[in-house]
Amino acid sequence: GSNVDAGRSTTEILVAAPDRPGLFADLCGALSAAGANIVAAHLYASGENRVLDIFEVQDSRGQPLGSDHPNALDRIIADLRAAAAGGEGVKKPGKAPAASRRHAAFIISPTILIDRTASATSTVIEVSGRDRQGLLFDIARELVDANLSIRSAHVGAYGERVHDVFYVEHLNGGIMPPEMDETLSKRLEEILRSQ
């Protein structure tokens, strides 16, 4: 479902779906491919191996997505349904055009923190840096490639800065092995530094 909140200048989109590796990345990818800017996102496990994803999105002008084209929202919801189902129909964002690299000179250095003490079952990965179109998709994709399952996530963009917190479990279950930290941190930093 979706709901335009004029007070917050975002459109809220709720997706309830069976969980699977890569689901969050696919949903982020479908939104980015449709030109949506993800201002905030929350992912919750809702039992029975289902998840609830809540996205707050804007169009490229910073207006609530679909506020002027309701059919654009219908199209995005159809794309998200396809992404939730998985398979070949999932839309992926292309590389952002150079024109969208606004304020690229405004350097925000990336930080990555990996914490195993905050949760008994999950490893907490905190990522912050400069926001850009498709960033959340790239980060989520990297976590999937590292065989990590996102159990919950809280993502927010504050102007140019993005701050993302992911609770992840290794696909084999349990806490992420410490020997993964260095490689994963390096990869995430590269993603945050890439334009």
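**Figure 1. Helix H3 passes helix H4 in a right-handed crossing.** This is a predicted model. H3 covers residues 135-145, and H4 covers residues 181-193. The two helices pack at an angle of about 165°. Their axes lie 10 Å apart. Angles over 145 degrees count as roughly antiparallel, so H3 is roughly antiparallel to H4. On the H3 side, the contact is made by Leu135, Asp138, Ile139, Glu142 and Leu143. On the H4 side, Leu184, Arg187, Leu188, Ile191 and Leu192 take part. By class, this contact has seven nonpolar and three charged residues. It has no polar residues.

**Figure 2. Helix H1 passes helix H3 in a left-handed crossing.** H1 covers residues 23-33. The axes of H1 and H3 come within 8 Å. They cross at roughly 160°. That angle makes H1 roughly antiparallel to H3. H1 brings Phe24, Ala25, Asp26, Cys28 and Gly29 to the contact. H3 brings Leu136, Phe137, Ala140, Arg141 and Val144. Which classes of residue make up the contact of H1 with H3? Seven are nonpolar, one is polar and two are charged.

**Figure 3. Helix H1 passes helix H2 in a right-handed crossing.** H2 covers residues 70-85. The axes of H1 and H2 come within 9 Å and cross at roughly 155°. H1 is therefore roughly antiparallel to H2. From H1, look for Leu23, Asp26, Leu27, Ala30 and Leu31. In H2, they meet Ile76, Asp79, Leu80, Ala83 and Ala84. By class, the contact of H1 with H2 has eight nonpolar and two charged residues. No polar residue is counted in this contact.

**Figure 4. The second largest pocket has a volume of about 190 Å³.** How many residues line the second largest pocket? The lining is made by 14 residues. Ala34, Leu65, Ala72, Arg75 and Ile76 lie nearest the pocket centre. By class, the lining has four nonpolar, four polar and six charged residues.

Conventions. Residues are numbered from 1 along each chain as its sequence is written. This is a predicted model: local features need pLDDT of at least 70, side-chain atom pairs count only at pLDDT 80 or more; totals for chains, interfaces and linings use all residues. Side-chain values use heavy atoms; hydrogens and water are left out. Axes are lines fitted to C-alpha atoms, for helices over the stretch in contact, and angles run from 0 to 180 degrees between N-to-C directions. Helices (H or I, at least four residues) and strands (E, at least two) are DSSP runs, numbered from the N terminus. Angles under 35 degrees count as roughly parallel, over 145 as roughly antiparallel, 65 to 115 as roughly perpendicular and the rest as oblique. A crossing is left-handed if the near helix is turned anticlockwise from the far one by less than a right angle, and right-handed if clockwise. Contact means heavy atoms within 4.5 Å. Ala, Val, Leu, Ile, Met, Phe, Trp, Tyr, Cys and Pro count as nonpolar, Asp, Glu, Lys and Arg as charged, and the others, Gly among them, as polar. On a 1 Å grid over the protein atoms alone, a cavity is a set of points where a 1.4 Å probe fits but cannot get out, and a pocket is an open set with protein on both sides within 12 Å along at least five of seven lines; lining residues have an atom within 4 Å of a point. Grid points are joined across faces, edges and corners, and a volume is the space filled by probe spheres set on the points.
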